[in-house]
Amino acid sequence: MTNCVFCRIVAKEIPAAIVHEDEHTIAFMDAGQVNPGHVLVAAKGHAENLYELNDAQAAALLKTAAHVARAIRAAFNPQGLSVYQANGSAAWQTVFHYHMHLVPRREGDGMALTWPAKNPPREKLAEYAAKIRSSLPG
Ligand SMILES: [Zn+2]
């Protein structure tokens, strides 16, 4: 058993609202995180930073992020979408597992992280994840 929460989500030891999963990546909304509305896109396999991903993982990660971003756009029609990537102790993280945050934005949000309403109720995440999944290609 690992202490990495991302690896434990991949192993289905911790529940999360899965948006997409393939050989190299997993995208999910995590009921346990501070901002539960983000969609997190993570490489499978533990890698602490971008330079530790192999080429297949790196390509798959960006492809998944683009597909999920388009699905978010189709499902929720935000005015924009911010992508955050911050890893490691320099980002004050305690769990080091390479990932990106996809955060839909609306005018007036400022730096607030809005999705599709601020601080969505955690019981809605499975519904939101299903709505995104239904907008993914394939
Ligand atoms: Zn990990």
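Start by selecting Glu13: this residue is partly exposed, with a relative accessible area of 39% (buried means under 20% relative accessible area, exposed over 50%, partly exposed in between, using a 1.4 Å probe and protein chains only). What you're looking at is a predicted model, where local features need pLDDT of at least 70 and side-chain atom pairs count only at pLDDT 80 or more, while totals for chains, interfaces and linings use all residues. Residues are numbered from 1 along each chain as its sequence is written, and side-chain values use heavy atoms, with hydrogens and water left out.

The structure holds 4 salt bridges, so let's visit another.

Select Glu21 and Lys44. Their side chains form a salt bridge, also listed at 3.0 Å, N to O. Glu21 sits in strand E1 (residues 17-21) and Lys44 in the loop between strand E3 (39-43) and H2, so the pair ties together parts that are 23 residues apart in sequence.

Is Gln57 buried or exposed? Gln57 is buried, with a relative accessible area of 13%. A polar atom of its side chain lies 3.2 Å from the backbone oxygen of Lys44. Leaving aside neighbours within four places in sequence, Gln57 is in contact (heavy atoms within 4.5 Å) with His24, Lys44 and Glu52.

Last stop: show H2 together with helix H3 (residues 125-133). They pack at an angle of about 110 degrees, with their axes 8 Å apart. Axes are lines fitted to C-alpha atoms, for helices over the stretch in contact, and angles run from 0 to 180 degrees between N-to-C directions. That makes H2 roughly perpendicular to H3 (the label covers 65 to 115 degrees; under 35 is roughly parallel, over 145 roughly antiparallel, and the rest oblique). To see the contact, select Val68, Ala71, Ile72, Ala75 and Phe76 of H2, plus Tyr128, Lys131 and Ile132 of H3.

Key:
Polar contact = N/O pair within 3.5 Å; in protein donor to acceptor, adjacent residues only side chain to side chain. Helix = DSSP H or I, 4+ residues; strand = E, 2+ residues; numbered from the N terminus.
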